[in-house]
Amino acid sequence: MADELVRRAQRFVNTTYNNGATLGISKLDENGQTGWTTMYALTRALQYEMGITALSDSFGPTTLSTIASKYGKLDATTIPSANFCRVIQSALYCKGYDGGEIDGIYNSRVQDAVLKLNQNMGVSSTYPGSSLWPKVVKGLFNMDAYVTVSDGSEQIRSIQQWLNGRYVLRKDFYIIPCDGHHSRDVAKSMLYAIQYELGMADGTANGVFGPGTQSGLRSHTVSTGTTGTWAQLFTAAMILNKRDVPFGNFTSTVQSGVESFQSFIKLPVTGNGDFQTWASLLVSYGDQSRPGTACDGVTKITPARAQTLKDAGYRYIGRYLYSASTTSLPEKQIQPGELATIKEYGLRCFPIYQTWSRSADYFTYNQGTNDAFMAIEWAQRHGFKPGTIIYFAVDYDAMDAEVSQYVIPHFRGVMRTIGENSSYGVGVYGPRNVCQRVADAGYAATSFVSDMSSGFSGNLGYPMPTNWAFDQIVTITVGSGAGAIEIDKNIASGRDTGQGDFDPGAYTEGLDVDLDKAAYEAPMLTDVKNYLTSIGVPETGGDGWTDSDWATLGGISTTKAFELVMSADWLFTSLARQLKLRKALIQAPVLWELRKLNPLDFVADEAVKNGLKDDSSTGWGQIFAWVTIDARNYCMQQGIINGTPLTDSDTRGVWDNLQDPLYNIRSVSYLTVYNAHQLGIARPGLSTSAADTQALLARYNGTGDDAAKYGRELIGLYNVLENYNQLSRTT
């Protein structure tokens, strides 16, 4: 929403610093919306008015010290120029305060605004009156809020104000937001506060949970009856971790809250604010010396290592289902015989799936679907039983916006695929915020928390996820000689105990693989085009449509149809491997139907969208919703896929789902299995005869002479596709 006062501030910057490009002050979009671009421009303008020559977006030490040395504080008597005052007034506007007309006068309206700003920051006792002190100016020129926003907690805001008021005069403590939300800055400020109360001098206190801080906290246990600053700091830490206790003295209510927190985080339940409890409240990894009963690692569990882990008290071991590289970490993937060793020594294993997953652009709905199919296959190959929870990794510091845009859709793909195609469960590995948000979206049963990455923004300022199963806190080496092994030590909550027994591994011999596109995509396209041309299907047009009409109305060329099928090659491969049939049997009808799309198909689809028809053949595979319902229900009955049986009332919902190519292609594969049932022939497999293959392709189009012709045409296309699929899987 545009704010006219902010627009006036932006206009002031543009008109006053019209040589801003020379000065390094950006010309602003006068949109009336406060943002970092506007605050950076105002910061540079302030620096320019103070005579700083090297302008910067950062309100850093030079800017802060220049205000302090030149003016001490800013008020009507010390403001050096009208434009300097206008910059201050503009910043007040951008913070939501009355800047007094941007008239260059530190008038009563500006003074009232500054008085209110100091109060909102919690520093009015330290900085009484209407003067702007250097650290307050620094807080004015950023995007922090000093009023409760977005359903923020008033209790947390009071803690933020208390911290500002108590510690603002310390050298390295800067004013934190007072918006009612825990955050990275608030978490850091708590560590500074602890260090100041321990007696650390400015310059020694650094906001790091180091040996000095830990040593000091060991002698500052708080308990029922404790009052004063230490009780305030402890209850503040509890509240910031979303524990429902009052801020202030350590009362019996606080003790009950502590006992609940200790039980949740798996600490000894003492009811006291002892060192381990302090540590778990202040940093994500807590007390790294506490014993763990779970671990994960990239090293094979040999008998000697299994004995080491068992002797050290470990019971649950996280191991990777698959590794894309066998060179850098040759034992990262579960090795042959390893699970048998784990079972023999009375240990249990929880599986992890990770390929890359270390940047936002990895995560998409399609990638989540692909990862899930791969994880299912590898879990079955290793012999993990139904009910096993597989942990899918988010192995980087995902910002909250990235979680929304990338990670959540990714896990939607994971969950839908795991849920439909297996009896496994979904877990998430990652920082606290990632784990909690994926769980809240309903896409993970349990969380494996990467808490030893304490500097991650997704850990700082976030409480432990409510569904945590494993808490990764430190990398250590245990054992010696042949039994030595490096592990990440984990705390186990008991929500997931992994698996202690395993099925024989599922077979994968002879299954299709992704097409070797570098070698075969071009000749495959040539052969597809040649074959289709030979049966009267040219590159474009056909079926009585002129090329121009056909293209104008949305027709797809042979090349385009082929490219679309190749773009989903991973999905055709995954489905073929999952169902253990030839992927050309799914590819052929989809490629054909894409190429054969014509204006009548689009008219029929529009009629359904507008409520004039109940159903139409639609999407990549041109399937009716009612056919999809029958096929999916049959596959559910046979235990091939999971789900709730569909009825006629689901027709429109299924039709809408068929607009998604992934759902559509999956439905094609299930229809192929269902068609075998309808024909009374064996379920398609890796050695289905040519006659049965042609019959299945014909049944895709229905029954009768037209269907028989469809089968004769598609068997040739099937053979072209299968030729190159075979070359890829035997290379």
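Modeller: A polar contact is a pair of N or O atoms within 3.5 Å; within protein, one must be able to donate a hydrogen and the other to accept it, and residues adjacent in sequence count only if both atoms are side-chain atoms. The model is a predicted one, in which local features need pLDDT of at least 70 and side-chain atom pairs count only at pLDDT 80 or more, while totals for chains, interfaces and linings use all residues. Residues are numbered from 1 along each chain as its sequence is written, and side-chain values use heavy atoms, with hydrogens and water left out.

Arg595 belongs to helix 23, residues 584–595 (helices are DSSP runs of H or I with at least four residues, strands are runs of E with at least two, and both are numbered from the N terminus). With a relative accessible area of 3%, Arg595 is buried (buried means under 20%, exposed over 50%, and partly exposed in between, with a 1.4 Å probe and protein chains only).

Helix 23 also carries Trp592, while Tyr710 is in helix 29, residues 705–730. The structure holds 34 aromatic pairs (rings of Phe, Tyr and Trp, the last by its six-membered ring, pair if their centres lie within 6.5 Å; planes under 30 degrees apart are stacked, over 60 edge-to-face, and the rest tilted). In one of them, Phe384 and Phe502 have ring centres 5.4 Å apart and planes at 90°, so this pair is edge-to-face. Phe384 sits in the loop between helix 16 (365–382) and strand 4 (389–393), and Phe502 in the loop between strand 8 (485–492) and helix 19 (517–534), so the pair ties together parts that are 118 residues apart in sequence. Phe384 and Phe502 are buried.

Trp592 and Tyr710 are also an edge-to-face pair, at 6.2 Å centre to centre and 75° between the planes. Because Trp592 lies in helix 23 and Tyr710 in helix 29, the pair connects parts that are 118 residues apart in sequence. Trp592 and Tyr710 are both buried.

Helices 23 and 29 are among the elements that cover the buried residues of helix 19, and helix 21 (558–567) is another. Those buried residues are Tyr520, Met524, Leu525, Val528, Tyr531 and Leu532. Helix 19 has 18 residues, which at 1.5 Å a residue should span 26 Å; its end C-alpha atoms are 24 Å apart, which agrees (the expected span is 1.5 Å times one less than the number of residues). After helix 19 comes Gly536, with a positive phi near 90°.

Helix 27 (residues 661–679) passes the same check: its 19 residues should span 27 Å, and its end C-alpha atoms are 26 Å apart. Since 15 of its 19 residues are buried, helix 27 is largely enclosed by the rest of the structure. Asp660, in the loop between helix 26 (651–657) and helix 27, caps the N-terminal end of helix 27 with a side-chain oxygen 3.1 Å from the backbone nitrogen of Leu662. Asp660 is partly exposed, with a relative accessible area of 26%. The C-alpha atoms of Asp660 and Gly619 are 7.4 Å apart, although 41 residues separate the two along the chain. Helix 27 is followed by Gly680, whose phi is positive, near 75°. Arg632 lies over the face of Tyr663, 4.0 Å from the ring centre (a charge sits over a ring if NZ of Lys or CZ of Arg is within 6 Å of the ring centre and within 35 degrees of the ring normal).

Next, the nonpolar cores. The largest has 96 residues, and those with the most contacts inside it are Leu163, Leu233 and Phe411 (a core is a set of buried Ala, Val, Leu, Ile, Met, Phe, Trp, Tyr and Cys residues joined through side-chain atoms within 4.5 Å). Helix 11 (residues 229–240) gives the most to this core, with nine residues. A second, separate core of 69 residues includes Leu532, Ala568, Tyr674 and Leu721.

Leaving aside neighbours within four places in sequence, Phe411 is in contact with residues including Phe392, Val426 and Val438 (contact means heavy atoms within 4.5 Å). Val438 lies in helix 18, residues 432–440, and is buried at 0% relative accessibility.
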